[in-house]
Amino acid sequence: MPALACCVDAAVSPPPPPYAFAGWDSTLPAPPPTNTAVPSPAWSPAHSSLLYRVDGWGAPYFTVNCNGNVSVRPYGVNTLSHQEIDLLKVVKKASDPKDSGGLGLQLPLVVRFPDVLKNRLESLQSSFDFAIQSQGYEAHYQGVYPVKCNQDRFVVEDIVKFGSGFRFGLEAGSKPELLLAMSCLCNGSPEALLVCNGFKDVEYISLALVARKLHLNTVIVLEQEEELDIVINVSRKLGVRPVIGVRAKLRTKHSGHFGSTSGEKGKFGLTTTQILRVVKKLQQYEMLDCLQLLHFHIGSQIPSTALLADGVGEAAQIYCELVRLGACMRVIDIGGGLGIDYDGSKSQDSDISVAYSLQEYASAVVEAVRLVCDRKGVKHPVICSESGRAIVSHHSILVFEAVSTSSHDSPQVSALGLQYFVELLTDEALADYRNLSAAAIHGDYDTCLLYAEQLKQRCIEQFKEGSLGMEQLAAVDGLCELVLKAIGVSDPVRTYHVNLSIFTSIPDFWGIGQLFPIIPIHRLDEKPGVRGILSDLTCDSDGKIDKFIGGESSLPLHELEGNGGVNGDCPAYYLGMFLGGAYEEALGGVHNLFGGPSVVRVSQSDGPHSFAVTRAVPGPSCGDVLRVMQHEPELMFQTLKHRVEEFADDGGSSILALTNGLACCFNNMPYLAAAASCSLTAAAAGNNGYYYCNDESFAASGDSVGAEEEQWSYCVA
């Protein structure tokens, strides 16, 4: 073996011949194997389902089908096989060009499934109905949806419509949310509760009392003691008898991240002393009959039914005491806290999992209230919950593309380049080079790593001093990477660049480290060949996802085919983030002026693909996000248009083409798009102004689509 023989010379005075290192990945003795290779069976979708824990966090709404794609089961466990919706087909329908039968929407894309939303509501209601019936509970359950979780018009309207049969209501925490809830509940059940939480001023309370005047079943929940004075004064002025609730600060505390609003030091609610003062003041004003609801909140993502039962039991004691003091209590509102199992572990020791089912949650609540009320001889109250996360998380999927990946292939190190590199080394660096070669011959891998790193650092110092050029620095990088690869310790994790802003679409990951299931939505019949982290488009080092469910610091991924899906002609590689239907859209910002995603609404149908797109909305354009920051895109366009007219020297057709190209840029989404869709390059190609922005470019087409998009008057063909 000539290469190894050459390496032997490394121990003597002259430097080792450079070609001794050129064949290292084949001549270096391999590290001893850790186990005996066993032939593995062919990869199947079932293997991917197990690898990505789909049956854990996804049941009963998501599965991997026989084609290796993610399927959505819109009716949960009651979904028939022909009703499953292939998510890849939905994405293709949304993103394919209109001349190919698609809707021409740009990714990233939020796909909403109202059938899943309806099933979540029905499952929650049926769980409480079963618990009430099986335990002989003598009142009913009627929930409210806290609109802060997702204020999207169609989400809220769907919940009111789907929940009207069982008196499902809404909860508001601000004046605009209250206006939204009032409007939507005009079409809901007359018995549905409108729960008014949050800090309140005169206008908020006046609005809530007007809602009561409009025959909406409105309850004003006191978060602060001083709010009572406003309620009393405004109700007298408006001539409206209010229905009042109090939010209690429980001693029961949720110790996880989401428990910061619970306990005696919590942000919201009244202490027992304050509640007693409220009762006394209401007695003084002969309004104690107005106090009808007790509200509390242990915290989001309650991990276990033991903690849940403890908190509900404490609150039930307060409820019974209020009855004893003369209040006309009717409702106990247990707040939010019904958790989501984001990682499929069914664990009570994690902020992203819960150790109970919907049925176990409902049974624990009903039992805790029943036991206390029966012991105190108090009539069973109506049970209300504000389970927003559990209702909307599953119905929404964020789909985005991986557009490129960083390469960790070993750089080529030529004998000539290495010779030039060796000649410029200092004595200390040359000694490291010799020692590295000697360690390689003897198979001393730890020493190899030591001298490789030492050599690299010395060369970096030489480069900083100006005695080593970029070519030589690249040569040492290549040599060290070759050593690491030969030894088997080269970092195998790649960086996949995704067409997404984490700050806009997954803000909870950046803000609080919230983990969501992220997996490829197709090619799941292929074994993933690499591991990777995800890096977004923003110019921010925090714009990456390097933590995943299951305690993983990287994600199993497939090799991109060719150059990826945006700048190349090869098939796109789609990833999906699941269980993100709550909070993410409301919390997202416009960092780097990346706006929100496009949105499609998909319902199950009996057509050939089992689905129909009932609404499609393009994501915010560059002009839209500029307006958010107080810029005026129309004036900006006029400024640029005058500049084109002043400096363009290719004649009238070129000026017209560039002007329309600029207009299109204002109207397009900020995210990466295929090269063929660039209006400016089309103009530069001499298309005589025929690549224009027009209504057809942005309105989502199709008889089943109801989206409309306003166009600028100067974007004309």
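Predicted model: local features only at pLDDT ≥ 70, side-chain atom pairs only at ≥ 80, totals over all residues.
Helices and strands here are DSSP runs, numbered from the N terminus. With that in hand, glutamine 301 falls in the loop between β10 (291–295) and α13 (305–324). Its phi sits near 55°, a positive value in a residue other than glycine. Most residues other than glycine have a negative phi, and most peptide bonds are trans.

Start with the eight-stranded sheet. This is an open sheet with parallel pairing, and its strands run in the order β5-β6-β7-β8-β9-β10-β11-β12. The edges belong to β5 and β12 (382–384); each has a single partner strand, so one side of each is left without a neighbour in the sheet. On average, and ignoring direction, neighbouring strands are turned by 25° against each other. At the β5 end, 3 bridges tie β5 to β6 (residues 169–172), the two running parallel. There, valine 144 faces glycine 169 of β6. Helix α11 (residues 227–238) packs on this sheet, where it touches β8 (217–222) and β9 (244–247). The direction of α11 makes about 145° with that of β8.

A second open sheet has 3 strands in the order β1-β2-β3, this time with antiparallel pairing. Here β1 (62–64) and β3 (85–86) take the edges with a single partner strand each, so one side of each is left without a neighbour in the sheet. Strand β2 (residues 70–72) and β3 are antiparallel and joined by 2 bridges. Within that pair, valine 72 sits opposite isoleucine 85 of β3.

Strands β20 (residues 598–604) and β21 (residues 611–617) run antiparallel and share 6 bridges. Valine 599 has valine 617 in β21 as its bridge partner. The hairpin has 6 residues between its strands, and serine 610 takes a positive phi near 70°.

On the helical side, take α7 and α14. The axes of α7 (residues 114–135) and α14 (residues 358–376) come within 8 Å and cross at roughly 40°. That angle makes α7 oblique to α14, and the crossing is right-handed. The contact draws on residues of α7 including Leu124, Phe128, Ala131 and Ile132, which, with others of that helix, meet a set in α14 that includes Leu358, Tyr361, Val365 and Arg370. Sorted by class, this contact has 10 nonpolar, 6 polar and 3 charged residues.

As for charged pairs, side chains of opposite charge can pair when their charged atoms come close. The whole structure holds 27 salt bridges. One of them joins the side chains of arginine 112 and aspartate 152, at 3.6 Å from N to O. This pair links distant parts of the chain, with its residues 40 apart: arginine 112 belongs to strand β4 (residues 109–112), while aspartate 152 is in the loop between β5 (144–146) and α8 (153–163).

Lastly, two cis peptide bonds deserve a mention. The bond from alanine 59 to proline 60 is cis, with omega near 0°, and proline 60 lies in the loop between α5 (54–57) and β1. The bond from leucine 107 to proline 108 is also cis, its omega near 10°. Proline 108 is in the loop between α6 (87–95) and β4.

Note on methods: Residues numbered from 1 in each chain as written. Heavy atoms only, no water. Pairing = 2+ DSSP bridges. Helix = DSSP H or I, 4+ residues; strand = E, 2+ residues; numbered from the N terminus. Axes fitted to C-alpha atoms, helices over the stretch in contact; angles between N-to-C directions. Parallel < 35°, antiparallel > 145°, perpendicular 65-115°, else oblique. Left-handed = near helix turned anticlockwise from the far one by under 90°. Contact = heavy atoms within 4.5 Å. Nonpolar A, V, L, I, M, F, W, Y, C, P; charged D, E, K, R; others polar. Salt bridge = Lys/Arg side-chain N within 4 Å of Asp/Glu carboxyl O.
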